[in-house]
Amino acid sequence: MGDYEVLNPPRGGCCPPMDLMRSEPMQLVQIIIPIESAHITLSYLGDLGLLQFKDLNADKSPFQRTYANQIKRCGEMARKLRFFREQMTKAGISPSPMPTTPAHIDLDDLEIKLGDLEAELIEVNANSEKLQRTYNELLEYMLVLQKAGEFFYSAQSSATAQQRELEAQQTGDGSLESPLLPEQEMLMDPSKQVKLGFVSGLVPKDKSLAFERILFRATRGNIFLRQVPIDDPVTDPVSGEKVAKNVFVVFYSGERTKTKILKICEAFGANRYPFTEDVGKQIQMIEEASGKISELKSTIDVGLLYRDNILKNIAHQFEQWNHLARREKSVYHTLNMLSLDVTKKCLVAEGWSPIFATGQIQDALQRATYASNSQVGSIFQVLYTKESPPTYFRTNKFTSAFQEIVDAYGVAKYQEANPGVYTIVTFPFLFAIMFGDWGHGLCLLLATLYLIFREKKLSSQKLGDIMEMMFGGRYVIMMMGLFSIYTGLIYNEFFSVPFELFGKSAYGCRDPSCRDATTAGLIKVRNTYPFGVDPEWHGSRSELPFLNSLKMKMSILIGVAQMNLGILLSYFNATFFRNSINIWYQFVPQLIFLNSLFGYLSLLIIVKWCTGSKADLYHVMIYMFLSPTDDLGENQLFPGQKTLQLVLLLLALISVPWMLIPKPLLLKKQHQERHQGQSYTMLQSTEESLEVDHDHNSHEHEEFEFSEVFVHQLIHTIEFVLGAVSNTASYLRLWALSLAHSELSSVFYEKVLLLAWGYNNIFILIIGLIVFISATIGVLLVMETLSAFLHALRLHWVEFQNKFYEGDGYKFAPFSFVLLYEEED
């Protein structure tokens, strides 16, 4: 496994208990499958989902592989199924759930059936679209007949009245040839009057002004345009969308002008319809259009009912067909990763599987051989390789979310210590330190319990992005809520208010004036508060320990403890991989350096708590470096403290070169010893062993660059020394966010709820209560939860995992139909 060796446990037996500390022991296996049973064998292995196949045809393009045509067929079926889904969505029809015992369907029969259904649907849709377009055109035609008829009727009446008035004033016998001419044209010499043509139709309302302007400019004003808006939007025959339109009539003179008008109508998407001036013909055309509209409506309804029946029949089996198509495509895609042997009668597969799955895989191969009636069974054998296996942790619905938190940083290297085990406890605990309020924690817990109790129903529904994340991390949030209740009880905070849940406060007033005092006046009058922080510790009296000071010191203690845990895990990794250099020249000096400084600070905090001393720990730690030989004076906490500080300071100074210098020198020495006398080697007995040794020696004979190794170790040393300081300071975010959360809660409680209560007005109280609840939910339960979550995530990724976790592995991705269906959902 690279530069380390892992001893695998023995094979066989049933599945071992789930172990999150180390990834499952993996093995590289080879399976030789007869071609006649290859498809059903892959189907059985896909149901099992415990084998990750390697691509043995990486040098071939997708079109050069054996089963390229089958994948193309499956892709075509998937396209047809997507078409069916789109049609069902438009019709408002939902596919039926997947049956628990699906019927067997042959792939060839399904392909034919899908093709027939697609052709039938396309034909039905084409006829329906054609009828719908004709129907929409008739509706528009009816509007043109009505609106233009009204316009012609009013114009005709007006022209007749003007003609009668003109005849009364003049003695001439002139006649009116065009009743729609303006008044000044009517007064002209009748011999100069001309017959006008007109074009009628509908134009989109948002284009009507531009339409009128272009017509005027193109004809130089030699037209007369009349537009009438339609009250309701109409369905456009071309686009099929609802559009607000105007009925227009354009009067013109001359064929050239008509040609220009027709081109402008086409450019603006104006639909033109014929119209006659004859009132009798208008009535006849309206009656004919109304009859055709009724007939088309009935025909369209029948067609839609027929189409819906087809889609309903498809919906009953859609999920089953869809799963089969995806399943077959994944099988053929995996078969394309297998290589043909020289006889072209067998397929050779290689892949990774957990050792515990050996029996299950062999059983699946036997069942596949029996089901396919093959005369030759599949051959299963284990290969030995230096290649690093994938990482596989068996998780359940509780541990999977915590493992995802770790994998988001990086997948563990094979057999590397998994931080996910500790994250189950440390992540919600660090969150709870920052979120410590048992009232808010109770709100989180209740919200999460709702998701957990309804997880079967919610898991089958499509949730939004945010809700999907919350549902996926429901057990993480549940643990966060439980730990927040615990730390809230420790802090004695319920929506920032302290309660005497476990008894009376241990402190009381020395005299009546102490109630308003801010510095002194309280004495211990009864036994120590039994659990958590005394309610009086929330005050500001300097004679009592401050809750904020307690939180700050607890943050340091927890940070140092978690960093020590990270260094211990680096020791376990080095021991597991038999890396003695890292044990003695990385783990030991790191542990000494960290605890000589910050472990000693943690010891001083505990001693100060136990003795009740008023020593200034800042002064102690600063002068430990600036003046290590000076007397401590009143800051001395225990006898021999000065001597202990000198020893710890010396150990801290020694540990830095201890980390830096010996490891590169020892690596160089090991490299020289490893390759000394290897110019000549014995020939191996088999060709296979020659190939294995060739790969192994090519890896070992890489050139050793001492300068690169030394610079790399220098970077690691500087990173750890500076990181020990910065990481310890970074844990103070636990104190800072806890303080911010407590202060925000206090502000909302005192400045909103209590202030509204003081007005003795029910309306103000209701408004104040609404504002308090909104602020609590929006700020404290949403924003503060997210903030504390991200900070806890950072503390795990940076301050904790950088001590031991490389995270440069890759996930075990088996060929599994279950994973295929989960990806589809």
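How many disulfides does the count come to? The count comes to zero disulfides, a disulfide being a pair of cysteine sulfur atoms within 2.5 Å.

This is a predicted model, in which local features need pLDDT of at least 70 and side-chain atom pairs count only at pLDDT 80 or more, while totals for chains, interfaces and linings use all residues. Residues are numbered from 1 along each chain as its sequence is written, and side-chain values use heavy atoms, with hydrogens and water left out.

**Figure 1. The whole chain and its confidence.** The protein has 24 helices and 13 strands; helices (H or I, at least four residues) and strands (E, at least two) are DSSP runs, numbered from the N terminus. Of its 825 residues, 43% count as buried, where buried means under 20% relative accessible area, exposed over 50%, and partly exposed in between (1.4 Å probe, protein chains only). Mean pLDDT, the predictor's confidence in each residue from 0 to 100, is 83, and 86% of residues reach 70 or more. Among the elements, strand β2 (residues 52-53) has the highest mean pLDDT (95) and helix α20 (residues 687-700) the lowest (40). Over residues 171-188 pLDDT stays under 50, and the model has 29 contacts beyond four places in sequence for them; a contact means heavy atoms within 4.5 Å.

Figure 2. C265 counts as buried, because its relative accessibility is 0%. C346 is also buried, with a relative accessible area of 18%.

Figure 3. Side chains of opposite charge can pair when their charged atoms come close. The whole structure holds 23 salt bridges, each a side-chain nitrogen of Lys or Arg within 4 Å of a carboxyl oxygen of Asp or Glu. In the pair of R73 and E111, the closest N and O atoms are 2.7 Å apart. R73 is partly exposed at 28% relative accessibility, and E111 is partly exposed at 25%. A network of salt bridges links R73, D108 and E111.

**Figure 4. The R65 and D55 pair.** A salt bridge joins the side chains of R65 and D55 (3.1 Å, N to O). Both residues are in the loop between β2 and α2 (68-91), 10 residues apart. R65 counts as buried at 15% relative accessibility, whereas D55 counts as partly exposed at 34%.

Figure 5. S43 is in helix α1 (residues 38-48) and counts as buried, because its relative accessibility is 7%. Leaving aside neighbours within four places in sequence, S43 contacts R327, V331 and F817. G420 belongs to helix α10 (residues 420-434) and is buried at 3% relative accessible area. Not counting residues up to four places away in sequence, G420 touches Q403 and V406. The C-alpha atoms of G420 and M21 are separated by 7.7 Å, although the two residues are 399 apart along the chain.

**Figure 6. A nonpolar surface patch.** Y618, I622, Y623, F625 and L626 form this patch, with about 560 Å² of accessible area together. Patches are made of residues with over 30% relative accessible area and no salt bridge, like charges being joined within 9 Å and nonpolar side chains (Val, Leu, Ile, Met, Phe, Trp, Tyr) within 5 Å; accessible areas come from the Shrake-Rupley method with a 1.4 Å probe, and for residues only the protein chains shown count as cover. Y623 sits in helix α17 (residues 617-626) and is partly exposed, with a relative accessible area of 38%.
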